Amino acid sequence: MAVTGLGIVAPPGVGKEGFWQNIREEKSFISPITRFDASAYPSQVAGQVKELDTGHLSPRLLKKMDRFSVMALVATGQALKDAGIDLAKEDPYSVGVFLGNTLGGWLYAETELRDLYQEGRNGVSPYNASAWFAAAPQGQISICYGIKGYSKTVVADRAGALMAIGCALREIRNNKTAIALAGGTEAPVTPYALLCCTTEGSLSGGTYRPFDKERDGFVIGEGAAIVTLEDMDSARSRGATVYGSITGFGTSCDGTHRITPDQDGRGLARAIKAALDGAGYQPGDIDYICADGAATELGDVSETRAIKAVFGSYAAEIPVSAPKSMFGHLLGASGAVDLVGTLLTMQEGVILPTINYRTEDPECNLDYVPNKCRSKEVNRAIVISRGRGGINAVLAVERS
């Protein structure tokens, strides 16, 4: 399955060029939260998108949408332009939208809830009903571009984007969809969304340091990433640039706890193996692993154990990094951002690092590409996402 267009709105940059140029600087794009007073929260930092140009969207439309829909529309426009696809010339019933999201549009919803309690029901915007819910970005994208084909929003916590891309992969392979816009969007930098993430117990008090002995959780980030997917023959026949191929997808559930993953990573190992089998790969074929990197002790140790279980002694030779340590965990959008980063890694021959890595954890003793980018030819990779409740999703990706 060919990936022919990339759209990204993320703390390091808006658009693939800016994103890649900035993220290669190996620095943190996490900063103090200024959108609201976060002084009462244990975690007061986030990866925030600060330069989002919405000039092409009408003020009337912007009033109807939460930030997570706006970012999804911007990323979609980038992906379609990058792919050279004019949807006005396509059969609208052959195009679908597949998005992951975890929290919905709480920036919009919180404002309206405040108005409800202060002013009564007449104080609530009539657009609230269509602005806050998880599938709102899917609806706005389909309206904006006249898309009428099978579409789906996947709510699978932090695995949502990869699950959505997996759905798109299946629909195209089954000839139900010709062109898919797939990825994820998330806007968790709001008081209630941050509260939800805080009470879950996995947020860092300051520094996001996956696989480090001194880790204390992840930092939230906002953004969206959308890719265009189409059959490889179709992409080549129209002369499209192909960034890479999605060759396999695997998913599983741990079935052990409502929040935390299986401590031995058995469910994740099964999902990795399924992705490799679907792609027809042997473990020794993989050049790079883009990790989930939750930066919790159980998350990091179980992810490491899963990788070792599948790759055996070869696991020590594979670079495993968590670039999200630079810009935060984008929850339901994270897998799509990681996919974009991995495809650009393949294009540029540069593996993005895990930053803030200082102290080795004996339980996490793989090559996590600490702190510095690394030049390496990457032809085949896997991308890992994991959600609360033991949801595992893995993509196998190949350079074209």
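**View 1. Asn175 sits in the loop between α7 (160–173) and β7 (179–186).** Helices (H or I, at least four residues) and strands (E, at least two) are DSSP runs, numbered from the N terminus. Although Asn175 is not a glycine, its phi is positive, about 60°. For context, most residues other than glycine have a negative phi. Asn175 is exposed, with a relative accessible area of 70% (exposed means over 50%, buried under 20%, partly exposed in between; 1.4 Å probe, protein chains only).

This is a predicted model, in which local features need pLDDT of at least 70, side-chain atom pairs count only at pLDDT 80 or more, and totals for chains, interfaces and linings use all residues. Residues are numbered from 1 along each chain as its sequence is written, and side-chain values use heavy atoms, with hydrogens and water left out.

**View 2. Glu26 belongs to the loop between α1 (16–23) and β3 (30–32).** Here is another non-glycine residue with a positive phi: Glu26, at about 60°. Glu26 is partly exposed, its relative accessible area being 25%.

**View 3. Asp338 is a residue of helix α12 (residues 334–348).** With 3% relative accessibility, Asp338 counts as buried. Setting aside neighbours within four places in sequence, its contacts (heavy atoms within 4.5 Å) are Cys290, Ala291, Lys324, Val383 and Ile384.
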